[in-house]
Amino acid sequence: MAGFDDAGVFFSDNLVDSENQQDEQRINRQQIKNRFRDFIRQFIEGNSFTFRYRDQLKRNYTLHQYWLEVDIEDLTHFDASIADKLTKQPTEHLPLFEEAAKEVADEVTRPRPEGEENVEDIQIMIGSSAVSSSVRQLKSEQMSQLIKVPGIVIAASSIRAKATKISIQCRSCRNFMNNIPVKPGLEGYALPRKCPTDQTGRVKCPVDPFFIIPEKCKCVDFQTLKLQEAPEAVPNGEMPRHLQLYCDRYLCDRVVPGNRVTVIGIYCIKMSGAAGKRMGRDKVNVGVRQPYIRVIGLQVDTIGPGRSSSAPVAGEEEEELRHLSLSPNIYETIARSIAPSIFGSMDIKKAIACLLLGGSRKKLPDGLARRGDINLLLLGDPGTAKSQLLKFVENCSPIGVYTSGKGSSAAGLTASVNRDPGSRNFIMEGGAMVLADGGVVCIDEFDKMREDDRVAIHEAMEQQTISIAKAGITTTLNSRCSVLAAANGIYGRWDDSKGAENIDFMPTILSRFDMIFIVKDEHDENRDTTLAKHVMNLHANALQMSEDTRPGELHLNTLKKFIAFCRSKCGPRLSAAAAEKLKNRYVLMRNGAAVHERETGQKTTIPITVRQLEAVIRISESLAKMRLAPFATEADVDEAIRLFQVSTLDAAMSGNLAGAEGFVTEEDQEMLNRIEKQIKRRFVIGSQVSEHAIIQDFVKQNYPERAIQKVIQLMLRREEIQHRMQRKMLYRVK
C-alpha cells in the first residue's frame, strides 16, 4: 500500500497535440487539393491525348461560364482514394476541388484582358453513371454523403440571393467583423450574442448588438425545387413522396416544373419551422431535423413521357433522319408506326401522325398569330381503343400530358392562383395545358367534363394562350399545344337513327377541332375474325413484339426523334397552285353543307367554317413537314382534304339514317315525322294524355308500335313532353 496517498504529478499535452493535429489536417488538405489540381491538369480521355477537363475549363472560362462538369468515374480512374473521399465526405472536399479548379483556371487563362485580372470562383458540378436510388431508400446512414435520386420537378421557386460571406457591425461600439464565411445550403448563420471588444472606460455592449451590412456581403443566386418521386417507383396504393432541393449559382433555372430529372447531391438536414414558433417546442425537438438535397449535379432525362426533347441531334443522326424523310412512303411508315399493337384504324393513325408533327405557326404583320397545332376528337363506341391511342401519343410526343375528363377541373387544365405558404404571396401554378406547351394534351372521357370546365379550354384551343385575372395577378400564359380528345356519344354507343343527337357538344367547341372521327364498332364477320387473331397474337407474343419492330415500322425512339427533329427544323407553307385548288374545294364543301341543311331542314351539329379551311391548310403543312419540304403541294392538299372528308365532313353529315336497324329508307323517316306532327296535334302545350291511349290510337291507324315509342322517346329527350303520374301520363311542355 506504499505510495497510496502520493499525490503524483499530472500533466496534459492537449495543447501540443491539438497544434500537431491542425498541422496534419492542413498538410492533408493541401495534398488532397494538389491531387484535385493534378486531375484537372492531367486527365487524358482514352488514347486521344486531349486534356478533357483542362480544355473544358478554359473554354467555359472564356465564355464567362465559370463552371466545370466532372464525371466521378473519371476521378475514380485517376485516383480512387480522393474519389472515395469526395463521395463519403463531399462537404469538406468539394470546396477543395473548387479551389483547385480556381488555381488551374488562373494558370490556363493567363494573360487575361484588362479589367478581368481577378480570377472568378469556379463551380464544380458532378456527373455520374452509377445506379440511382429512390427517394424511399434514403436513410440516415447516407446523411452528408453523395447520393443520386431520380424524380419529377413539380415546383420551382424564384431565384433569390444567399450570402456566402457576411460583414456585421456592433450597434453600440461600431466595431466591424468582416468576411465571416456562411455554410452553403439552407443553413443560416447565428449572429454572436456578445460583442468581443472590451475597451476600458466604455459601457459594455448590450446582448445581441450585431446587425448585417448588406452592401459588404458576398452573395450567390439560389433556387429551391420540389422533387416528387417517379410514378413508376411508387408502390401500389401509396402517395408519392416529396423532397426539397437546393440549387445554387449555375444550377439555377436549369429545369422547369414537369421535367424528369436525375439529381446528384449531398443529403443534408435543416432546421424545421420558423424561429418564433419553434422556441416553445425546441426543447423537445432538439435533435429533430428535416432532410433536403444540396444539388451539385443535374441531368434532365430525355427518354419517356413527360421528358424534355431538347436533346441535340448529332451529325450522323441528323443525316439518318434526313434520309428517312426522303423515303417515298414516309407518310405510310409513320402511320403504321403509331400504336402498331392496335389493329386497323389507318385513317385515325394518319390523322394522329399529322397531329404529332403539326402545321406551321404564323405571326401576322398586325401582331396576331395563327395556330399551327392540330386538334383531334375521337367520338364513338366504347372498346374501340380510343384511350390506348391517347396513351401511345402521350409516350410518343416530345411533351405529353394525359388527363381524364371527370378528374379535370378548369383550374387543373389551365392555371390556378394559390398562396405560397413560405412567402404568403400569391403564386401562379400552370395546369396541364401550360405544362404541355410545345406538345400534346390528351384528354380522355371528354364528354364527362362539366360544361363550365370545357369552356375554359376554348381560348387555349384557338388563341393558344390562357389569360388569368385573379387575386391581383393579371397575366397571359402560353399553351401552344395540340389537343387530342376522346369521347363517347350521348347514349354510350353510337345510335345511327338519332343522327346528330349522338353529339352532346356545343358547335363552339366542335369548330375548334380540326378533325372529328366517329369511331363505330360495326359487326362484320371477316373483320371480327382478323381482329380476334390480332388480339390473340398480341397476348401470346407480347414480349417478342415489344422487342422487335415489324418491317415498314419505325422504333418508338426513332419516331420520337424524327417528330422532334421535323418540328424544330421545318415550317412549310402552301404553294400557289395548292392554295388555288384548296380555295375551290372549300367553296364546294360549304355548298355541300348548305344543300344538306336545305334537304334535312336543320343545321348540322358540326359547322363548316373558315376554321375548317385553316384545318385543311394545317394538315397539308404537316404532310409536307414529314418530307421536310418547304412547300405543301397539290398532292398534300388532296390527302388533307381526303382526311378531312373521312373525319369531319362524314361526322357533319351523320344526320342521315343509313345503316340503322329498322329505319333504312326515307319513307320510314317521313313516317316518323308524320307521327310526331299528329302527336303534337293531339294535345296542346299544358295538357296531358295517357301514353297507353296514344299508342293504341296509332296502332289502330296501322302505324308500327316501335315507331310510336321511338317518337315518344325522342320528344322526351328533347324535353318537349314529360312523364307524369308514375309514367302513365304524358304532359306537353313545349
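## A hairpin to start with

In the hairpin built from strand 18 and strand 19, two residues sit between the strands, and Ala-471 takes a positive phi near 50°. Strands and helices here are DSSP runs numbered from the N terminus (helices are H or I with at least four residues, strands are E with at least two). Strand 18 (residues 465–470) and strand 19 (residues 473–478) run antiparallel and are joined by six bridges. Ala-469 has Thr-474 of strand 19 as its bridge partner.

This is a predicted model, in which local features need pLDDT of at least 70 and side-chain atom pairs count only at pLDDT 80 or more, while totals for chains, interfaces and linings use all residues. Residues are numbered from 1 along each chain as its sequence is written, and side-chain values use heavy atoms, with hydrogens and water left out.

Next comes an open sheet of five strands in the order 14-17-20-13-21, with parallel pairing; two strands pair if DSSP finds at least two bridges between them. At the edges are strand 14 (400–404) and strand 21 (515–519), each pairing on one side only. Neighbouring strands are turned by 15° against each other on average, direction ignored.

Strand 13 (residues 376–380) pairs with strand 20 (residues 482–487) in the parallel sense over four bridges. Within this pair, Leu-379 has Ala-487 of strand 20 as its bridge partner. Helix 9 packs on the sheet, where it touches strand 13, strand 17 (440–444), strand 20 and strand 21, and its direction makes about 155° with that of strand 21. Contact means heavy atoms within 4.5 Å.

## Helix 9 and its helix partners

Helix 8 (residues 330–337) and helix 9 (residues 346–357) have axes that come within 8 Å and cross at roughly 100°. Axes are lines fitted to C-alpha atoms, for helices over the stretch in contact, and angles run from 0 to 180 degrees between N-to-C directions. Tyr-331, Glu-332, Ile-334, Ala-335 and Arg-336 of helix 8 meet Met-346, Lys-349, Lys-350, Ala-353 and Leu-357 of helix 9.

Helix 9 also packs with helix 20 (residues 610–626), at an angle of about 80° and with the axes 9 Å apart. On the helix 9 side are Ala-353, Cys-354 and Leu-357, which meet Ile-619, Ser-622, Leu-623, Lys-625 and Met-626 of helix 20. These residues divide into six nonpolar, one polar and one charged (Ala, Val, Leu, Ile, Met, Phe, Trp, Tyr, Cys and Pro count as nonpolar, Asp, Glu, Lys and Arg as charged, and the others, Gly among them, as polar).

## Another helix crossing

The axes of helix 7 (residues 315–325) and helix 18 (residues 556–569) come within 10 Å and cross at roughly 85°. Helix 7 is therefore roughly perpendicular to helix 18. Residues in this contact include Leu-321 and Leu-324 of helix 7, along with Phe-562 and Phe-565 of helix 18. By class, the contact has four nonpolar, two polar and five charged residues.

## A cavity

Leu-94, Glu-98, Gln-123, Ile-124, Asp-248, Arg-249, Arg-294, Val-295 and Ile-296 line the largest cavity (on a 1 Å grid over the protein atoms alone, a set of points where a 1.4 Å probe fits but cannot get out; lining residues have an atom within 4 Å of a point). Strand 10 gives the largest share of this lining, three residues. The lining has four nonpolar, one polar and four charged residues.

Key:
1 Å grid on protein atoms, 1.4 Å probe; cavity = no way out; pocket = protein on both sides within 12 Å on 5 of 7 lines; lining within 4 Å. Parallel < 35°, antiparallel > 145°, perpendicular 65-115°, else oblique.
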